[in-house]
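Here is a briefing on one protein model. Please keep the sequence and the 3D view open while reading.

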Amino acid sequence: MKLYNLRHPDEQVSFAQAVKLGMGRDRGLFFPTEIPVLKDAGELLRLPFVERSQQIINAWVGSELGTATVCRMVNQAFNFPLKLVKVDAQRSALELFHGPTLAFKDFGARFMAQCLSEFAAGQPTTILTATSGDTGAAVAHAFYGLPGIRVVVLYPEGKISPLQEKLFCTLGGNIHTIAVSGDFDACQELVKRAFIDDELLQTLHLNSANSINISRLLAQICYYFEVAASCDSNNPPVIAVPSGNFGNLTAGLLARAMGLPVKRFIAATNSNDTVPRYLKDRVWAPAKTVATASNAMDVADPSNWPRVEAVFSAMNWQLEDLEGIAVSEESTGKSMRELYACGYIAEPHAAVAAEALKRSLQKGEHGVFLGTAHPAKFRESVEQTLNINIELPAALHKVASSEILSDHLAADFAQFKSHLLSVLRGKS
Ligand SMILES: *Cc1c(COP(=O)(O)O)cnc(C)c1O
């Protein structure tokens, strides 16, 4: 697999290089020079999830890594189930939250951990990532205890749910967490600056594990095929993706480019509506990030957007075909209550997508919204909105009483840098 830098197309790298580098020159995102097209999508759809995923990933990187390696990596990464659940007459939920940290990010993070331990063999590496909640947990768990790898996770203090924080800030060991006084964009900015700081790059062998890493996108392509596997092939589904940094939607578009039948995609956002506005008036005008109940989508300037445009341009698709729908806080709560009336408990992220889907679906269409997090991960908001009590799954129960081990920092690069160097220098 060859990839090029979307900012500097002359910079071309292999898959292994793209995974290790994260980003190209001037923070340019890597994008595949070619998108493999599946010859027999029908046959593929009949396979069980893991076997099918091995073939999908193999189509991208099999020639570089070897089929046997790909199969082993996929097998170890995707060791938990996913479910397609019917919600009402027209809508189903694709539940992607049955992994170790109860969010869809387990798919990408676990596959990326497989890739990095394969490629970074022998060289101590520091994973540096910013999270609005779920990435941090997924990455921390995926890399926890892996030899030669240290993980530093930044998150906006007070802006992630208490249980989310417990899930990844209590691990210790090779996992170091920093609560930043600022929003997610401020955290992301600190990470971006670290990656253009030569001293940090060289001292710490930095690697980013956020949603810009190409290995995460490859992993996420796989679950979209699960939708088609359970749908009528003559009437492809509309798929609504609850979006923040737009990695998930990018993966869905790549799946469609490979041959997955999809009627259309909906980019569903909360009040951080840069993309829906852009799709209407073609002016890219990120506003200030606002805090919402679907906080993993509180992103005003989504980092994967150039890739979304790159898929459209590579495939000669019209951006008009992408529907952007922003869902207010009030409508999110209403959506949660409507879903509950159908017997389905959704947390705010899924509820945003479910609502966008409802607004978009025409007669005769059916649709799938992605369930990106387990309701228990957003327990406070679910319990308050639905006036119910929900059970904590075992993974959350265990950490609920553990101590938070995070350091606290201002959103200041100089401080952040010296902190990183003093904490990590010499340690492995
Ligand atoms: C990360 C996340 C999203 C947004 O996904 P992107 O790939 O950043 O668009 C949506 N829901 C949940 C629960 C998440 O953790």
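Leu 405 is partly exposed, with a relative accessible area of 44%. Partly exposed lies between buried, under 20% relative accessible area, and exposed, over 50% (1.4 Å probe, protein chains only). The model is predicted: local features need pLDDT of at least 70, side-chain atom pairs count only at pLDDT 80 or more, and totals for chains, interfaces and linings use all residues. Residues are numbered from 1 along each chain as its sequence is written, and side-chain values use heavy atoms, with hydrogens and water left out.

- Leu 405 sits in the loop between H17 and strand S14 (407-410). Helices (H or I, at least four residues) and strands (E, at least two) are DSSP runs, numbered from the N terminus.
- Leu 405 touches Cys 169, Thr 170, Leu 171, Gly 172 and Thr 177, leaving aside residues up to four places away in sequence. A contact means heavy atoms within 4.5 Å.
- Leu 405 and Ile 178 are 227 residues apart in sequence, yet their C-alpha atoms are 8.8 Å apart in space.

**Overall build**

- The protein has 18 helices and 14 strands.
- A compact globule of 428 residues would have a radius of gyration near 22 Å; the protein has 20 Å, which agrees. The radius is taken over C-alpha atoms, and the globule rule is 2.2 Å times the number of residues to the power 0.38.
- Along the principal axes, the C-alpha atoms fill a box of roughly 60 × 50 × 45 Å.
- Buried residues make up 61% of the 428 residues.
- Of the contacts with a separation of 6 or more, 74% join residues 24 or more positions apart.

**Surface and charge**

- The accessible surface comes to about 16,300 Å², and 49% of this belongs to carbon and sulfur atoms. Areas come from the Shrake-Rupley method with a 1.4 Å probe; for residues, only the protein chains shown count as cover.
- The mean positions of the 39 positive and 43 negative charges are 2 Å apart. Lys and Arg count as positive and Asp and Glu as negative; His and the chain ends are not counted. Each charge is placed at NZ of Lys, CZ of Arg, CG of Asp or CD of Glu.

**Helix H6**

- H6 (residues 134-143) is mostly covered, with nine of its ten residues buried.
- The buried residues are Asp 134, Thr 135, Gly 136, Ala 137, Ala 138, Val 139, Ala 140, Ala 142 and Phe 143.
- These buried residues pack against helix H5 (105-119), S6, S7, helix H7 (162-169), S8 and H10.
- Gly 145 follows H6 and has a positive phi, near 80 degrees.

**Helix H8**

- In H8 (residues 184-194), the buried residues are Phe 184, Cys 187, Gln 188, Leu 190, Val 191 and Ala 194.
- They cover an arc of only 155 degrees around the axis, which puts them on the same side of H8. The arc is that of the directions from the helix axis to the C-beta atoms.
- An α-helix has 3.6 residues a turn, so residues three or four places apart point the same way.
- Cover for the buried residues of H8 includes strand S6 (125-130), strand S7 (149-156), strand S8 (175-181), helix H9 (198-204), strand S9 (206-207) and helix H18 (413-424).

- Most residues other than glycine have a negative phi.
- Asp 26 is not a glycine, yet its phi is positive, about 55 degrees. Asp 26 lies in the loop between helix H1 (15-21) and strand S3 (30-32). Its relative accessible area is 48%, so Asp 26 is partly exposed.
- Asn 387 also has a positive phi, near 60 degrees. Asn 387 is in the loop between helix H16 (379-386) and helix H17 (394-399). At 71% relative accessible area, Asn 387 is exposed.

**Other sites**

- Leu 38 is in the loop between S3 and helix H2 (41-45). Leu 38 counts as buried, at 15% relative accessibility.
- Leu 38 touches Leu 44, Ala 59, Phe 225 and Met 258, not counting residues up to four places away in sequence. The C-alpha atoms of Leu 38 and Ile 56, 18 residues apart along the chain, are separated by 8.1 Å.
- Ser 233 is in the loop between helix H10 (214-229) and strand S10 (238-242). Ser 233 is exposed, at 59% relative accessible area.
- Ala 314 lies in helix H13 (residues 305-315). Ala 314 is 281 residues from Thr 33 along the chain, with 9.0 Å between their C-alpha atoms.
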